[in-house]
Every structure is written in C-alpha cells, then in structure tokens.
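Dear colleague,

I am handing over the structure below, together with some notes on what was found in it. Please read them alongside the coordinates.

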Amino acid sequence: MLTFDRTLWTGRLVNYALEQLGIQPRIALELNSVEAIAQLVRQRFGVAIVPHLANAEWADQQLVVKALPGRPIMRGVGMLERENHGKKQVTEALCAWFTQQERQGGI
C-alpha cells in the first residue's frame with residue numbers, strides 16, 4: 001500500500017481511518033504528494049487512500065475511487081492572511097462565500 005507520510009496531517013488522518021477500520025496495511029512507500037501517489041497507483045505499484053479532492057479527474061486518469069466504509073473523516077481548512085493588506089475586500093468576499101456554502105450544505 002502507498003500512503004501519505006504519517007508525520008504530515010493528511011498522513012495522520014489516513015492512519016486514523018485505517019485504525020478505525022481495524023486495518024494494519026503493509027506499507028510499501030510513504031509520500032507527501034497526491035499526484036505522486038496517483039501516478040504510482042496508475043502504474044500498478046499499489047493502492048492508496050487519499051483525500052477526496054473536488055477538482056480531481058480520477059476517471060480521466062485511469063483510476064477508480066471507492067468510498068471507505070463507515071463515517072467520513074473530515075478535515076478542516078482555514079484561510080491565512082496578513083493582518084494588514086490591500087485585498088481585504090477579496091478575503092472578506094471569500095469568507096462570506098464559504099459561510100454561505102456551509103449554511104446551504106454545499107461544503
């Protein structure tokens with residue numbers, strides 16, 4: 001199995017998901033790139049658990065996505081900005097959009 005580097009946040013989430021499922025995989029390689037993992041899976045090197053990326057075109061890349069059993073594991077993201085900058089209107093609009101999407105159940 002290919003997996004994310006377990007010292008990174010995504011790798012820890014994958015490791016947690018495997019623990020919740022009671023799976024102790026034989027790990028062949030740990031990487032820190034979804035693209036690198038996908039390329040190795042495409043080349044028949046192994047299988048991997050990766051985050052579900054909204055913009056990934058897995059089917060176009062000869063890959064199949066299968067949901068893991070059980071409750072989905074979510075990861076939070078945030079926006080980081082300088083305290084003072086000239087793009088406050090842009091960041092405020094982004095925050096408002098994400099808030100609206102969350103309320104509508106779109107995220």
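To begin with helix 3, valine 90 is found in this element, and with a relative accessible area of 47% the residue is partly exposed. Please bear in mind throughout that this is a predicted model. Valine 90 also belongs to a nonpolar surface patch of about 470 Å², which it forms together with Met79, Leu94, Trp97 and Phe98.

As for the overall architecture, the protein has 3 helices and 2 strands, and from the N terminus on these elements follow the order β-α-β-α-α. The radius of gyration is 17 Å, well over the 13 Å that the globule rule gives for 107 residues, so the protein is more spread out than a compact globule. Along its principal axes, the C-alpha trace spans about 50 × 30 × 25 Å.

Buried residues make up 20% of the 107 residues, and the protein exposes about 8,800 Å², of which carbon and sulfur atoms supply 53%. Among the contacts with a separation of 6 or more, 54% are accounted for by residues 24 or more positions apart.

Arginine 44 lies in the loop between helix 2 (34-42) and helix 3 (88-103), and its phi is near 65 degrees, a positive value in a residue other than glycine. Most residues other than glycine have a negative phi. Arginine 44 counts as exposed, because its relative accessibility is 78%, where the cut-off for exposed is over 50%.

How values were computed:
Residues numbered from 1 in each chain as written. Predicted model: local features only at pLDDT ≥ 70, side-chain atom pairs only at ≥ 80, totals over all residues. Heavy atoms only, no water. Helix = DSSP H or I, 4+ residues; strand = E, 2+ residues; numbered from the N terminus. Buried < 20%, exposed > 50% of the residue type's maximum accessible area, 1.4 Å probe, protein only. Patch = residues over 30% accessible without salt bridge, like charges linked within 9 Å, V, L, I, M, F, W, Y side chains within 5 Å. Areas by Shrake-Rupley, 256 points an atom, 1.4 Å probe, with all protein chains shown as cover. Salt bridge = Lys/Arg side-chain N within 4 Å of Asp/Glu carboxyl O. Rg over C-alpha atoms; globule rule 2.2 N^0.38 Å. Contact = heavy atoms within 4.5 Å.
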